[in-house]
Amino acid sequence: MTFDFWPFARRPKIRPPRAVITGPSFAFAGDVVSFGGSSSTGDIIHWRFGFEEGVTAWDQPNVTYVFTNPGLRIVSLVVIGPSGLVSEASHQIKISEKNT
């Protein structure tokens with residue numbers, strides 16, 4: 001007789017994701033701006049950056065973006081773990097008009 005001990009076997013512990021977004025607090029309109037999510041912790045299978053203009057970038061821990069209009073902007077990062085757990089962080093950046 002054999003026994004299947006799978007229900008009692010040790011399963012790997014899933015570490016909940018924690019979103020961490022990095023980036024500058026100031027930039028000029030038209031500049032290429034970099035944002036990072038690679039400092040996020042836990043088990044992560046998806047990254048989603050969101051910009052107020054409705055643009056999103058999927059499955060990239062680091063992205064670049066060009067803001068076309070001046071103003072105070074919010075960039076969001078959502079990370080999703082393999083078990084469906086979600087974490088979100090946001091970053092504020094001031095975009096100024098370039099002096100020509």
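Me: What does G54 do in the hairpin of β3 and β4?

Reply: It takes a positive phi near 95°. The hairpin has 4 residues between its strands. Bear in mind that this is a predicted model, where local features need pLDDT of at least 70 and side-chain atom pairs count only at pLDDT 80 or more, while totals for chains, interfaces and linings use all residues. Residues are numbered from 1 along each chain as its sequence is written, and side-chain values use heavy atoms, with hydrogens and water left out.

Me: How do you know that β3 is joined to β4?

Reply: Count the bridges. Two strands pair if DSSP finds at least two bridges between them, and here 3 bridges join β3 to β4 (residues 56-58), so they count as paired. The two run antiparallel, and G50 stands opposite T56 in β4.

Me: How many helices and strands does the protein have?

Reply: There are 0 helices and 7 strands. Both are DSSP runs, numbered from the N terminus: helices are H or I with at least four residues, strands are E with at least two. Read from the N terminus, the order is β-β-β-β-β-β-β.

Me: Why is the pair of F26 and F28 called edge-to-face?

Reply: Set the values against the rule. Rings of Phe, Tyr and Trp (its six-membered ring) pair if their centres lie within 6.5 Å; planes under 30 degrees apart are stacked, over 60 edge-to-face, and the rest tilted. The centres of F26 and F28 are 5.2 Å apart and the planes sit at 80°, so edge-to-face it is. The whole structure holds 6 aromatic pairs.

Me: Why is F26 called partly exposed?

Reply: Buried means under 20% relative accessible area, exposed means over 50%, and partly exposed lies in between (1.4 Å probe, protein chains only). F26 has 41%, so it is partly exposed. F28, at 32%, is partly exposed as well.

Me: What makes F51 and F67 an aromatic pair?

Reply: Their centres are 6.2 Å apart, which is within the limit, and the 70° between the planes makes the pair edge-to-face. F51 lies in β3 (residues 46-51) and F67 in the loop between β5 (62-66) and β6 (71-80), so the pair ties together parts 16 residues apart in sequence. Both F51 and F67 are buried. Ring pairs also link F35, F51, Y65 and F67 into a cluster.

Me: Why is Y65 called buried?

Reply: Its relative accessible area is 12%, so it falls under the buried cut-off. Y65 is in β5. Leaving out residues up to four places away in sequence, Y65 touches D31, V32, V33, F35, F51, E53 and V55, where contact means heavy atoms within 4.5 Å.

Me: Which residues touch the most other members of the largest nonpolar core?

Reply: F35, F49, F51, F67, V75, L77 and I93 do, in a core of 20 residues. Such a core is a set of buried Ala, Val, Leu, Ile, Met, Phe, Trp, Tyr and Cys residues joined through side-chain atoms within 4.5 Å. The elements giving two or more residues to this core are β2 (32-36), β3, β5, β6 and β7 (86-96). In soluble globular proteins, nonpolar side chains tend to be buried together.

Me: How do you know that K98 forms a salt bridge with D31?

Reply: A salt bridge needs a side-chain nitrogen of Lys or Arg within 4 Å of a carboxyl oxygen of Asp or Glu. The closest N and O atoms of K98 and D31 are 2.8 Å apart, so the pair qualifies. K98 lies in the segment after β7 and D31 in the loop between β1 and β2, so the pair ties together parts 67 residues apart in sequence. K98 is partly exposed at 41%, and so is D31 at 23%.

Me: What makes D43 and R15 a salt bridge?

Reply: Their closest N and O atoms are 3.3 Å apart, so they also pass the cut-off. D43 sits in the loop between β2 and β3, and R15 in the segment before β1 (26-28), 28 residues apart. By this rule the count comes to 2 salt bridges.
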